[in-house]
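Here are my notes on this model. Please read them with the structure open.

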Amino acid sequence: MTFSASPAKERAVRPKRPRHLSHAMRCETAFRLILSECLEEVSTNHEAVCTGDPSALHRTRIALTRLKAAIAFYGRMVADTEWTRLRFELKWLSAYLGATRDLDVAIENSKGQPEERSFKAARAEAFERLKDALQSERYQQWLEGMWDWIGSGPWTTRQDRTAAQRRAVPVSVFHARRLARWHKKLTRKSRGLPGMGKNKRHRVRLASKRLRYAIEFSEGGLGAEDYASWRLILKHLRKAQQILGELNDAEVRRTLAASTTDQQKVMNRQAGHEKTLDRKRRSQLLRRATVVYRKIAG
């Protein structure tokens, strides 16, 4: 399979989906397939995002999160100076996507509430900034740079023995080893979840997402029996992501509402009642999350 430097050329040779990995596939080939699919998802949704479609925006964010998870998963095999530059540009883009997506979620969770109108006004402003970013030359250069990096970045041409060995390792070997390591790290990070502050809990949520996507990437690359055990963990990870996502959405909504001057008065009037409800709901969610992470740990 060949990989073109430009999105337009790549679309002409892209393989048909689904594109699962195979046991004997080299890691460099698997990495290219995974990242190509992520970038194709971004390109597919680009026009809809620019028209303001919240669902397309969400799909784009997921695609970029999966992309970052894949790069972290393959680690030293793909770490190079060009990715350092592209990662900086991705942070720039993600800031606009994240700000708009947070407001979409806040609006959805505030139907009929006093703050809904303020959130919609803020969303309109955030979307205009996002649209400008997506239609900029900077964005196009980042996207083309990503395609170039996947196909012929510095990581692909390193000639030292260790680098060559990493690129040639079979998927079945590398993924099994790497999944076990990420699972162990998440098990350690998730201990004591109920007593965690929001920043630590957020890091657990991000690690859970990464492991979830890594397991999904590994389908076909592991034997059926080996993958069956990861499939069960995947089921629990999706549940954990849903629970921690609800907690995160509530935190974001409170932060957004507090930043709106006219909404501060409403919040102050309702503060006592809402705090009681928030504490109860938060406690319920954390108890559920603790049970799920015990299952993940095995």
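1. Is Tyr74 buried or exposed? Tyr74 has 3% relative accessibility, so the residue counts as buried. Buried means under 20% relative accessible area, exposed over 50%, and partly exposed in between (1.4 Å probe, protein chains only).

2. A word on the basis. This is a predicted model: local features need pLDDT of at least 70, side-chain atom pairs count only at pLDDT 80 or more, and totals for chains, interfaces and linings use all residues. Residues are numbered from 1 along each chain as its sequence is written, and side-chain values use heavy atoms, with hydrogens and water left out.

3. Now the rings. Rings of Phe, Tyr and Trp (its six-membered ring) pair if their centres lie within 6.5 Å; planes under 30 degrees apart are stacked, over 60 edge-to-face, the rest tilted. The count is eleven aromatic pairs. Phe73 and Tyr74 have ring centres 5.7 Å apart and planes at 85°, so this pair is edge-to-face.

4. Phe73 has a further partner. With Phe174 it forms an edge-to-face pair, 5.7 Å centre to centre with 80° between the planes. Phe73 lies in helix α3 and Phe174 in helix α9, so the pair ties together parts 101 residues apart in sequence. Helices are DSSP runs (H or I, at least four residues), numbered from the N terminus. Both Phe73 and Phe174 are buried.

5. One aromatic cluster includes Phe73, Tyr74, Trp149 and Phe174.

6. Last, the core. A nonpolar core is a set of buried Ala, Val, Leu, Ile, Met, Phe, Trp, Tyr and Cys residues joined through side-chain atoms within 4.5 Å. The largest has 74 residues, and Leu35, Tyr74, Trp142 and Trp149 have the most contacts inside it.

Note on methods. Helix = DSSP H or I, 4+ residues; strand = E, 2+ residues; numbered from the N terminus.
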